[in-house]
Amino acid sequence: MKKLLVLAETLLIIAGAGCGAPETSATEATPDTFTTAAAGLTVQNCTPLATASVIASGHDGNLPDNTRDDLLDTRWSNLGKGSWIDYDLGSDKAISGAAIAWHDGNVRANNFTLMVSSDGVNYTQVYSGTSSGTTEAAETYTFASRTARRLRIYVNGNTLNDWASIAEARVCGAPAASTVVWRGDFETGDISQWSSTQMVSSDRLQVVPSPVRQGSYALKATVRQGDDPINSSGNRNELVKMTREPVGSEYYYRFNTMFASDFPSVRTWQLFAQWHHEGCCGSPPLEFYVYGEEVRLNIGGDPGVIVWKAPLVRGQWQDFILHVKWSPDATVGFVELYHNGQLVLPKRNIATQFAGMLNYLKVGLYRSDTVTQTGVVYHDGWTMGRTLADVL
Ligand SMILES: [Ca+2]
Ligand SMILES: [Ca+2]
């Protein structure tokens with residue numbers, strides 16, 4: 001969460017002679033202009049970390065703590081190139097930047113470096129630059145993520161004088177690395193997120209702007225009796241994603257499915273998502289399908305085990321989060337399923353791969369060739385990640 005630097009609605013910077021003149025007194029002078037600052041200044045591109053304490057090389061009565069009071073009209077100031085201010089996070093943290101609101105930052109550009117340290121003795125320079133000189137708002141300066149307890153801002157004067165003056169400063173935490181592995185959410189407006197297709201014609205797997213569950217596009221999959229693009233059993237039109245999850249890997253998959261209001265009610269199999277084994281034949285190790293008026297998750301091929309089932313609902317998006325550890329060993333592999341926000345299948349150990357074969361994902365509609373009625377199912381939001389947070 002971004003932290004706001006709270007501002008007075010109108011910030012009055014009060015008189016002092018010689019705006020821009022060299023400041024030679026023991027206390028830094030302030031400009032003789034009235035400045036109106038923007039209200040509700042936001043620290044951009046920075047996740048501020050709490051600081052335990054702050055010290056500085058010196059001050060003129062404007063104390064270091066003034067840089068963390070959320071007020072832009074209070075500041076730390078010290079005269080002299082090489083002045084520094086040093087923030088202690090209390091313990092090592094992953095940090096990747098600093099946000100600094102420079103006093104008089106709109107009239108002078110500050111030369112500075114950023115240094116980090118874990119022990120307060122040995123410092124490593126991680127940034128060297130100059131502030132824009134165009135704003136009193138906080139500017140964020142970023143660097144490659146480092147683990148450190150302290151961040152020091154070392155100021156080498158500014159374009160008008162040798163004062164170091166900072167109104168507010170924050171140490172920015174490194175953003176958590178996203179571990180989203182793949183998205184198949186159709187937000188490209190096409191099916192390019194997927195590896196390949198098995199379809200008789202492009203009208204059978206259409207990216208559509210409505211209905212959607214997520215973003216601006218979803219997939220409309222249609223199967224008519226006789227659709228057999230790969231000269232195999234059953235009728236199908238499916239997208240393929242070569243996920244090929246390694247043995248022992250663990251992933252979360254989020255996806256949304258909606259069965260059309262006239263989706264066929266037949267007492268035979270109609271698959272809408274499956275992880276197929278690399279081998280040619282037989283039922284896949286993990287399959288979601290409709291049978292009659294039920295939606296089911298079957299694991300282990302034929303016959304396998306129906307580990308979850310629920311009444312078929314048409315015309316409403318169904319939200320799924322599947323958590324899988326992929327393994328041919330039933331004591332190692334597991335599945336866990338959330339349906340419409342509820343945990344409906346607590347973690348259950350089961351073999352999720354066939355020995356010696358990896359799986360790949362197929363999404364669309366694949367059904368018995370005995371079904372005569374046209375079937376339509378919508379898919380959206382496919383996301384594959386390493387944590388539940390990734391796919392939420
Ligand atoms: Ca302040
Ligand atoms: Ca979408």
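# Close-up views of a predicted model

A search of the whole structure, which is a predicted model, finds 15 salt bridges.

**Figure 1. A salt bridge joins the side chains of D88 and R150.** The distance from nitrogen to oxygen in this pair is 3.7 Å. D88 belongs to strand β4 (residues 83-102) and R150 to strand β7 (residues 139-158), so the pair ties together parts that lie 62 residues apart in sequence. D88 is buried, because its relative accessibility is 5% and buried means under 20%. R150 has a relative accessible area of 17% and is likewise buried. In general, side chains of opposite charge can pair when their charged atoms come close.

**Figure 2. The side chains of R244 and E278 form a salt bridge.** Here the separation from N to O is 2.7 Å. The pair links distant parts of the chain, 34 residues apart. R244 is in the loop between β13 (235-241) and β14 (250-259), while E278 is in the loop between β15 (269-277) and β16 (286-291). Are these two residues buried or partly exposed? R244 is partly exposed, with a relative accessible area of 39%, and E278 is partly exposed at 35%. Elsewhere, salt bridges that share partners join D86, D88, R149, R150 and R152 into one network.

**Figure 3. E238 and R236 meet through their side chains in a salt bridge.** The N to O distance in this pair is 3.0 Å. Both E238 and R236 are buried.

**Figure 4. The calcium ion (ligand 2) is held in an octahedral site.** Which protein atoms are its donors? They are D185 (O), E187 (OE), Q214 (O), Q214 (OE1), Y217 (O) and D380 (OD), at 2.3 to 2.4 Å from the ion. The angles among the six donor atoms run from 76 to 168 degrees. For six octahedral donors, the ideal angles at a metal are 90 or 180 degrees. Along the chain, the donors of the calcium ion follow the spacing D-x1-E-x26-Q-x2-Y-x162-D. Q214 lies in the loop between β11 (205-208) and β12 (218-223), whereas D380 lies in strand β23 (residues 375-385), so this pair ties together parts that are 166 residues apart in sequence. Q214 is partly exposed, with a relative accessible area of 28%; D380 is buried, with a value of 0%.

**Figure 5. The largest nonpolar core contains 40 residues.** Those with the most contacts inside this core are L286, F288, L297, L322 and W382. Strand β14 gives the most to the core, with four residues. Leaving out residues up to four places away in sequence, L322 touches Y251, Y252, Y253, F255, W275, L286, F288, L297, E336 and L337. Another core, of 23 residues, lies apart from the largest one and includes Y87, A98, V126 and V155. In soluble globular proteins, nonpolar side chains tend to be buried together.

**Figure 6. L343 is located in strand β21 (residues 342-349).** L343 is partly exposed, with a relative accessible area of 41%. Which residues does L343 contact, apart from its neighbours within four places in sequence? L343 is in contact with E336, L337 and Y338. L343 and F320 are 23 residues apart in sequence, and their C-alpha atoms are 9.8 Å apart in space.

Conventions. Residues are numbered from 1 along each chain as its sequence is written. Chains are lettered from A and ligands numbered from 1 in the order in which they are written. This is a predicted model: local features need pLDDT of at least 70, side-chain atom pairs count only at pLDDT 80 or more; totals for chains, interfaces and linings use all residues. Side-chain values use heavy atoms; hydrogens and water are left out. Donors are N, O and S atoms within 2.8 Å of the metal (3.2 Å for Na, K and Ca); water is not among the atoms, so sites may look incomplete. Four donors count as tetrahedral if all angles lie between 85 and 135 degrees; four count as square planar and six as octahedral if opposite donors are over 155 degrees apart and all others between 65 and 115; anything else is irregular. Helices (H or I, at least four residues) and strands (E, at least two) are DSSP runs, numbered from the N terminus. Buried means under 20% relative accessible area, exposed over 50%, partly exposed in between (1.4 Å probe, protein chains only). A salt bridge is a side-chain nitrogen of Lys or Arg within 4 Å of a carboxyl oxygen of Asp or Glu. A nonpolar core is a set of buried Ala, Val, Leu, Ile, Met, Phe, Trp, Tyr and Cys residues joined through side-chain atoms within 4.5 Å. Contact means heavy atoms within 4.5 Å.
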